Amino acid sequence: MKLPRLFRRLIPLVAALAALGTIPAAATTSKAQPADVRGTFAVGPQYDSTHVYVAPGTEQAFVASWVSTFGGSTIGPVATQVTPTPSRTLSELVISPVGTLSVFDYTTPVPYPFGAERTGWLVTDLDRAVRAARADGASVLVAPFADPIGRDAVVQFPGGINAQLYVHTTPPNYPAPASVPENRVYLSPDSVDAFLHSYRSFTGGRIVSDDRRADGAAIGLPGTRYRLVRLTSGFGETAVVVTDGHQPYPFGRELTGYAVPDLDATLARARSAGATVLWGPVRADGRTGAMVEFPGGYVAELHAT
């Protein structure tokens, strides 16, 4: 997959921070970033990257395995600082048919609370988005800060779900993925209602389905039932898994689910590329899924409908 010439020129400065989720210096909008409506700050799912923190020294092995499995293009790695306090990471952006990943291989300790955010969301206006998140019941864990190509902030929705918001001084231009990845959120019955209220208010999302008797085989518990809420918004798809916290490893460790056209063929490529199939494939809830660990420790859910 070949990236536009203009985008390639932004390397290396854009590389690392586009990965972590970077932002524009004055929360500007542009033709590539439509003016937002209250509560809908999304630009597009191709700009909403999963944040992958790999074990030190494994960035190249992870990226090679991922691209061998799914295809795609990479930008980086670039050694840079993507936090408001001193740190150093190798940062690489992976643009694949199943979604965008921001990969971080830190050569210094990771400043808190970085490493706990699951996604980087490009927003139309950072300052307004931060105010809206707070008004919608989220906490601002990291106040807006400047980086070499924009600004960032980290917010936390009820239930402890962290997301990074970012804007770029020069708006990025990434191709749309073949399939939109699924943000997978595990919550308790005590926190799910507050999360859904806050999350839906901020994202402008709607509930696609709310199954209170979903097949537990999908989360490694055949013969049991759990609640599964599916949402969609301008930030992509979200699956909210509501459990008593008794699910087996690795369920709950995955951040994102990826749709593929042929699960068996994808798993075969993953194994050949050094990944490990931890569970499945298993048929449940209208699709066949598996859990895969890639080099560097990143666990992903893969599924085909």
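Me: Before we start, what counts as an aromatic pair here?
Reply: Rings of Phe, Tyr and Trp (its six-membered ring) pair if their centres lie within 6.5 Å; planes under 30 degrees apart are stacked, over 60 edge-to-face, and the rest tilted.

Me: And what sort of model is it?
Reply: This is a predicted model, where local features need pLDDT of at least 70 and side-chain atom pairs count only at pLDDT 80 or more, while totals for chains, interfaces and linings use all residues. Residues are numbered from 1 along each chain as its sequence is written, and side-chain values use heavy atoms, with hydrogens and water left out.

Me: OK, how many aromatic pairs turn up in the whole structure?
Reply: A search finds 24. One of them is Phe41 with Phe202, which is stacked, at 5.8 Å centre to centre and 20° between the planes.

Me: Where do Phe41 and Phe202 sit in the chain?
Reply: Phe41 is in the loop between helix H2 (13–20) and strand S1 (48–53), and Phe202 is in helix H5, 161 residues apart. Helices (H or I, at least four residues) and strands (E, at least two) are DSSP runs, numbered from the N terminus.

Me: Buried or exposed, those two?
Reply: Phe41 and Phe202 are both buried. Buried means under 20% relative accessible area, exposed is over 50%, and partly exposed is in between (1.4 Å probe, protein chains only).

Me: Which aromatic cluster has Phe41 and Phe202 in it?
Reply: One made of Phe41, Trp121, Phe157, Phe195, Tyr199, Phe202 and Phe235.

Me: Switching to Phe62 and Trp66, why is that pair tilted?
Reply: Because the ring centres of Phe62 and Trp66 are 5.9 Å apart with the planes at 35°. Both lie in helix H3 (residues 59–70), four residues apart, about one turn of the helix.

Me: How many residues are in the largest nonpolar core?
Reply: It has 29 residues, and those with the most contacts inside it are Trp121, Val123, Phe157, Leu165, Phe195, Phe202 and Val240. A nonpolar core is a set of buried Ala, Val, Leu, Ile, Met, Phe, Trp, Tyr and Cys residues joined through side-chain atoms within 4.5 Å. Apart from that one lies another core of 24 residues, among them Phe62, Trp66, Leu267 and Ala270.

Me: New topic: which residues do the cis peptide bonds join?
Reply: One joins Tyr249 and Pro250, with omega about 5°. Another joins Gly280 and Pro281, also with omega about 5°. Pro250 lies in the loop between S12 and strand S13 (256–259), whereas Pro281 is in strand S14 (residues 276–284).

Me: What about phi of Asp285?
Reply: Phi of Asp285 is near 55°, a positive value in a residue other than glycine. Asp285 is partly exposed, with a relative accessible area of 28%.
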